[in-house]
Amino acid sequence: MNPQVALQKARRLVDGENVDIVTGIVSSTVAYALRDYLVENKVPVIIANAGAAGLTGEKGSKYIFRVSFANGQYEYPMGDYAYNQLNLRRVVVMAPDYAAGLEKARGFMDSFRANGGEIIQEIYPKLGTTDYGPYLAQVNKEADAVWVHFSGTDCIRFVKQYADYGLKDILPLLATGDLVDESALPHQGDAAIGIVSSHHYSAALDTPENRKFVTSYRAKYGEEPNMYADQGYVAARVIVEALEATGGDISDTEKFLSAIRNVRFTAPRGPFKFDPETQNVIFDTYIQKTEKIHGKLVNTVIKTIPAAENGWSQPK
Amino acid sequence: MEVTQIIIQVLNSISYGLLLFLLAAGLSLIFGLMGVINLAYGSFFMLGVYLSLAVIEQTGSFILALLGAATAVSLVSMVMEVCFIRKIYNRELDQVLLTFGFAYIFMDIVRWCWGGTPQSLPKPVMLQGSISILGAIFPVYRLAVIFVGILLALVLWLIVEKTRMGVIIKAGVDDKEMVSGLGINIRLYFTLIFALGAFLAAVGGVLGGPITGAYLGLDSEILVLALAVVVIGGLGTLKGAFLGSVLIGFMETFGNAFFPNYAMMTIYITMVAVLVLKPNGLLGKDERP
């Protein structure tokens with residue numbers, strides 16, 4: 001997570017070991033720190049998580065591709081869904097107080113408001129809040145629902161405390177899929193049941209590609225795959241597909257970049273392709289509901305919103 | 001703000017404050033009575049959470065987990081005290097380096113044994129759920145934390161103020177040689193204090209676990225909080241640690257409620273304000289000549 005260290009390591013990889021492609025990059029801060037160096041050195045970059053929209057926007061480059069998501073991209077369709085399908089009108093928004101949290105919240109709020117919905121309260125606790133009690137006590141009970149984004153250690157605590165403070169019984173919880181990440185579900189327990197979230201991947205997705213992916217992943221790692229597993233897989237697959245398209249030849253960088261740009265295949269998450277203009281991923285968004293099936297918590301997909309119907313656009 | 005909200009926020013403040021007291025009491029003991037700076041303190045807390053997780057998985061009993069984890073952590077700390085800390089009493093810089101090194105070792109051990117995925121500690125079955133207090137919903141477990149926190153504070157106060165052990169320890173802090181001259185094995189007492197501090201950290205970890213969860217990095221977060229409490233309360237006074245914890249509990253809870261944008265700073269603003277008004281902390285005495 002330290003941009004200085006990341007930059008040193010990138011230099012060592014590119015200058016010292018002459019790598020041809022860089023992939024990974026979980027943190028947006030790190031991605032921004034590496035961006036100029038990698039672009040100047042004409043190294044193709046496949047971002048596998050970092051979500052800052054600007055990485056494929058104002059800071060975009062023909063060398064930068066993103067296979068994961070831009071913040072707001074899968075949050076946006078939830079605004080439509082909440083207003084038109086769930087008939088919610090007044091929503092409280094909560095997210096951690098840092099760039100990604102705010103960007104994601106904005107994605108949801110923009111589309112919810114565009115539909116005519118009202119955000120009656122916004123609460124932004126600090127990232128890594130141990131105790132959500134003080135924030136949960138303030139939530140305006142006159143809302144129709146609460147929309148939140150929390151991930152990592154925050155999401156386990158938040159979901160449990162949301163139930164502890166009795167809000168689960170009063171206000172439906174809408175969220176990003178990050179909140180109910182497959183790795184967190186066993187720790188959240190029954191408190192997670194009923195959460196409706198939007199995401200670009202669910203381990204419960206019932207397609208041949210995903211069933212195969214889930215089976216192989218379980219066999220190898222002994223746990224459920226989650227968004228990170230899918231994103232890692234997709235990043236590697238994109239590189240392989242592009243190499244195969246050029247017959248393994250990367251001497252002509254322009255040709256290789258164009259091969260990456262044209263990669264299309266069916267990933268565990270569904271159809272995969274890049275937006276040729278921004279080189280950010282285009283995906284279908286899934287509205288999922290957390291349920292307990294045969295004693296196990298899963299994120300059942302209840303609606304698929306095709307990429308074409310997603311009104312989200314890269315902030316200019 | 002409505003009445004029910006105020007009730008909830010006050011209860012939140014007290015339970016958070018007492019949780020902080022559980023964290024800080026041990027650090028305050030070790031620092032205040034032994035003069036040893038222990039930066040591995042947060043690791044004792046984290047080890048407490050993870051070990052109790054392991055015991056709960058095996059036995060399903062929260063009480064066993066609490067006792068088992070706390071005992072194991074205090075044994076580890078005793079070894080650490082006898083083999084290392086004992087050699088560097090009065091050398092504060094060395095203590096900082098050594099215990100900081102231990103903090104890294106403990107973190108790697110935890111990473112190695114439990115991996116990096118965040119986990120959570122289940123609450124004891126009888127303390128699950130919430131109750132309604134005058135129309136406000138509040139988790140039962142947090143009421144239990146308030147109760148246990150007050151109980152532990154009383155027990156500690158009795159040990160330090162009312163027992164022979166407490167008297168010997170306090171005398172030992174003032175003049176180690178004189179106490180040894182009276183035929184008392186002060187080193188043994190110091191080891192026990194160090195172990196008691198670690199025991200408290202682990203107890204804090206297990207009791208706090210269902211609220212904080214278990215994850216890498218918990219150790220440093222806890223260390224910072226505990227240091228803030230000890231500094232605000234005044235070095236080496238249990239009463240100070242108690243006051244400091246409850247003060248931070250209220251400041252942070254109400255600060256977060258009224259000024260959520262400044263949540264990251266509430267603790268530090270409190271700390272600065274206290275230090276400007278009382279440079280030795282709320283109840284700290286100026287011990288330097």
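**Reading the interfaces**

Modeller: Across the interface of domain 1 of chain A and domain 2 of chain A, six residue pairs are in polar contact, both residues being at pLDDT 80 or more. A polar contact is a pair of N or O atoms within 3.5 Å; within protein, one must be able to donate a hydrogen and the other to accept it, and residues adjacent in sequence count only if both atoms are side-chain atoms. This is a predicted model, in which local features need pLDDT of at least 70, side-chain atom pairs count only at pLDDT 80 or more, and totals for chains, interfaces and linings use all residues. Residues are numbered from 1 along each chain as its sequence is written, chains are lettered from A and ligands numbered from 1 in the order in which they are written, and side-chain values use heavy atoms, with hydrogens and water left out.

Biologist: Which elements give two or more residues to the side of domain 1 of chain A that touches domain 2 of chain A?

Modeller: Helices (H or I, at least four residues) and strands (E, at least two) are DSSP runs, numbered from the N terminus. Here the elements are helix H8 (208-221), helix H9 (227-245) and strand E10 (270-274) of chain A. H9(A) provides the largest share, four residues.

Biologist: How is the size of an interface expressed?

Modeller: It is often given as the accessible area lost when the parts come together. Buried area is that loss for two parts (1.4 Å probe), summed over both. Between domain 1 of chain A and domain 2 of chain A it is about 1500 Å², with 54% from carbon and sulfur atoms. A:Asn71, A:Met227 and A:Arg269 supply 37% of the area that domain 1 of chain A buries against domain 2 of chain A, more than any other three residues.

Biologist: Which residue forms a salt bridge with A:Glu224?

Modeller: A salt bridge is a side-chain nitrogen of Lys or Arg within 4 Å of a carboxyl oxygen of Asp or Glu. A:Glu224 pairs in this way with A:Lys296, the closest N and O atoms being 3.3 Å apart. The count between the two domains of chain A is one salt bridge.

Biologist: What area is buried between chain B and chain A?

Modeller: The area is about 2300 Å², of which carbon and sulfur atoms give 50%. Two salt bridges are counted between these chains. A:Asp164 forms a salt bridge with B:Lys123, the closest N and O atoms lying 2.7 Å apart. On the side of chain B that touches chain A, H1(B) gives the most, with five residues.
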